[in-house]
Amino acid sequence: MTQALAGLQGRRTELVRKQKGMMHLIMKACEKSLRLIMFEALLRNIPYDHWKRYEISTEYNSWLTGFRGEESVMFHLDLISSANYRIYHDIRLQLGKYFFQIDILLVCTRFILVLEVKNRSKDWHFAKLLNQVTLDGKRTKNPILQAKVQSIKLKRWLAKHHITDIPILYFFVNANEKSKIHIDYSHKNSSSVCNSEQLLEKIEQIENQNKTEIVNEKELRKINRLLLEKNSPDNPDLLQEFNLTPEDLFLGVHCQNTKCNCSPMRYHAGSWLCPKCKIQCKTAHHQKIQDYFLLINNSITNAEARNLLKINSRKVIHHFLSTMNLPCTGKLKGRVYHQPPPNKQTTANPAVATTSSPNPKPSQV
């Protein structure tokens, strides 16, 4: 049923975009990965003086920088004038026992293009010897070879689904305007690297070199359906990765005013009140429960929610959980509330917050 719905959604998306007269099809939009969303949840819930916070924040910033680079490349791809392209951001597929991930994928009837995107502020130096790459004098992974490996894996993955003839090309795309690429024209991989602003020109060159249609529209729709159905987003356990336990996270609801971030807020007369800045919000607990789903468990009981929110009343917690419209199983004291599907996540409405201080801001990491 899930695969059928995914395929139907893909066809509907394609049809709607054609009806709107769009010149290319964004089949999987540029959105933050589940890992990034989990990082933000972890940073909201780990104490500011925790000894692991700096490490977590550094790792988060690295992932966020990478996402911003991919976002900027997707912006450039928005200018593609051909109607034949299907564009996918952050595709993760299983090949054998392992998964491989592609930053950005372009598919058309003549070829497939794999893009490995990097967003680093230091200059890239490509040496002919052993295909080595350095950043600021330090050796790093060769992004061209990374793109090549992903293209090989994609070719094998498609072959398992009886798609074998379409050529698969690859590029390393530098998304940082402050970074320079140093590579000799005589380098065998020099044609497989470019800056983001040069990407459209590179794609035009590929188009001129690959004018023969290899697959038809029906086969293109098959590829689209497979990519969307088989995409398996990374679902990490960040607590385990950083050797943390739920006890490392603070309990209670923290203030949503970024200038304050006092914890915990107090619940009284149907609203959460910050004792420090006096901001009030009726749904401040929504974020805390969503973070619990992301970091600790995909289900929660009334007793667990009482401990999480530091509220003793079973009745109040029942009201909280039932009004969030969470899927649930069991009855009465045995009722368990479950994490909703991604497209039905409950979010707090900032319009219900009031404060005695001027211009409060929504919570940020």
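Q: Before we start, what makes two aromatic rings a pair?
A: Rings of Phe, Tyr and Trp pair if their centres lie within 6.5 Å. With that in hand, Phe39, Tyr60 and Phe242 form one aromatic cluster in this predicted model.

Q: Okay, and how many aromatic pairs does the structure hold?
A: There are 10 aromatic pairs. One of them joins tyrosine 85 and phenylalanine 111.

Q: Why is that pair called edge-to-face?
A: The ring planes of tyrosine 85 and phenylalanine 111 are at 65°, so the pair counts as edge-to-face, given that the cut-off is over 60 degrees. Their centres are 6.1 Å apart.

Q: Where do those two sit in the chain?
A: Tyrosine 85 is in the loop between helix H3 (53-77) and strand E2 (86-95), while phenylalanine 111 is in the loop between strand E3 (98-107) and strand E4 (112-118). The pair therefore ties together parts that are 26 residues apart in sequence.

Q: Is tyrosine 85 buried or exposed? And phenylalanine 111, buried or exposed?
A: Tyrosine 85 has 1% relative accessibility, so it counts as buried. Phenylalanine 111 is at 0%, so it counts as buried too.

Q: What sits over the ring of phenylalanine 99?
A: That's the charged end of arginine 92, placed 4.0 Å from the ring centre.

Q: New topic: which residues touch the most other members of the largest nonpolar core?
A: That core has 32 residues, and the ones touching the most other members are Leu105, Val107, Ile112, Leu154, Trp157 and Leu227. Helix H4 (residues 143-160) gives the largest share of this core, with 5 residues.

Q: What does tryptophan 157 touch, leaving out residues up to four places away in sequence?
A: Tryptophan 157 touches Leu93, Gln94, Leu95, Phe100, Leu226, Leu227 and Lys230.

Q: What lies apart from that core?
A: Another core does, made of 25 residues, among them Cys260, Cys277, Cys281 and Ala305.

Q: I see cysteines there. How many disulfides does the structure hold?
A: The count is 0.

Key: Residues are numbered from 1 along each chain as its sequence is written. This is a predicted model: local features need pLDDT of at least 70, side-chain atom pairs count only at pLDDT 80 or more; totals for chains, interfaces and linings use all residues. Side-chain values use heavy atoms; hydrogens and water are left out. Rings of Phe, Tyr and Trp (its six-membered ring) pair if their centres lie within 6.5 Å; planes under 30 degrees apart count as stacked, over 60 as edge-to-face and the rest as tilted. Helices (H or I, at least four residues) and strands (E, at least two) are DSSP runs, numbered from the N terminus. Buried means under 20% relative accessible area, exposed over 50%, partly exposed in between (1.4 Å probe, protein chains only). A charge sits over a ring if NZ of Lys or CZ of Arg is within 6 Å of the ring centre and within 35 degrees of the ring normal. A nonpolar core is a set of buried Ala, Val, Leu, Ile, Met, Phe, Trp, Tyr and Cys residues joined through side-chain atoms within 4.5 Å. Contact means heavy atoms within 4.5 Å. A disulfide is a pair of cysteine sulfur atoms within 2.5 Å.
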